[in-house]
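Student: Could you walk me through the ring contacts and one of the sheets in this model? I'd like to go step by step.

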Amino acid sequence: QVQLVESGGGLVQAGGSLRLSCAVTGRTFSRYRMGWFRQAPGKEREFVAAISRSGSSTNYADSVKGRFTISRDNTKNTVYLQMNSLKPEDTAVYYCAADTKGTVEYDCWGQGTQVTVSS
């Protein structure tokens, strides 16, 4: 069973930075496409960023392009989200997700980590 555990959330002032980590159990992490999503209070969950199995390809939501960077270390079974120039509107619970079956759907999710950006 694949498990995802996020860490690195917290409270930061606008303009600051945070790095989220997502540790993934299992021996086949390098086969999983990985993504980050977020959900703000009263809003639906939204896509933030995704990274291919090798890490050679990434894509981002327009709202975070140029500020956030997704990366992965397949030797550590971990995916990261570096968040710079944070804005109050980035406040949300951030979720890590894995596509373990090779489809376009993310079928495994972490429990989430809270990111709060104060103005």
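Student: Is Tyr-106 buried or exposed?

Tutor: This is a predicted model, and in it Tyr-106 has a relative accessibility of 13%, which makes this residue buried, because the cut-off for that class is under 20%.

Student: And how does Phe-37 sit against Tyr-106?

Tutor: Phe-37 and Tyr-106 form an edge-to-face aromatic pair, with 5.2 Å from centre to centre and 80° between the planes. Phe-37 belongs to strand β4, whereas Tyr-106 is in the loop between β9 (92–99) and β10 (108–109), so this pair ties together parts that are 69 residues apart in sequence.

Student: How many aromatic pairs are there by that rule?

Tutor: The count comes to 4 aromatic pairs. One of them joins Phe-37 and Phe-47, whose ring centres are 5.7 Å apart and whose planes stand at 75°, so that pair is edge-to-face, planes over 60 degrees apart being classed that way. Phe-37 lies in strand β4 (residues 33–39) and Phe-47 in strand β5 (residues 46–51), so the parts tied together here are 10 residues apart in sequence.

Student: What about accessibility for Phe-37 and Phe-47?

Tutor: Phe-37 is buried, at a relative accessible area of 12%, while Phe-47 counts as partly exposed, at 27% relative accessibility.

Student: Which residues make up the aromatic cluster?

Tutor: One cluster is formed by Phe-37, Phe-47, Tyr-106 and Trp-109.

Student: Switching to charges, which ring does Arg-45 lie over?

Tutor: Arg-45 lies over the face of Tyr-95, at 4.2 Å from the ring centre. There is also Arg-72, which lies over the face of Phe-29, at 4.4 Å from the centre of that ring.

Student: Now the open sheet: what's the strand order?

Tutor: The open sheet has 4 strands in the order β1-β3-β8-β7, and their pairing is antiparallel. At its edges stand β1 (4–7) and β7 (68–73), each of which has a single partner strand, so one side of each is left without a neighbour in the sheet.

Student: And the twist?

Tutor: From one strand to the next, the twist averages 15°.

Student: How many bridges join β1 to β3?

Tutor: There are 4 bridges between β1 and strand β3 (residues 18–24), and these two strands run antiparallel.

Student: Which residue in β3 is the bridge partner of Ser-7?

Tutor: The bridge partner of Ser-7 in β3 is Ser-21.

Terms used: Residues numbered from 1 in each chain as written. Predicted model: local features only at pLDDT ≥ 70, side-chain atom pairs only at ≥ 80, totals over all residues. Heavy atoms only, no water. Phe/Tyr/Trp six-rings, centres within 6.5 Å; stacked < 30°, edge-to-face > 60°. Buried < 20%, exposed > 50% of the residue type's maximum accessible area, 1.4 Å probe, protein only. Lys NZ or Arg CZ within 6 Å of the ring centre and 35° of its normal. Pairing = 2+ DSSP bridges. Axes fitted to C-alpha atoms, helices over the stretch in contact; angles between N-to-C directions.
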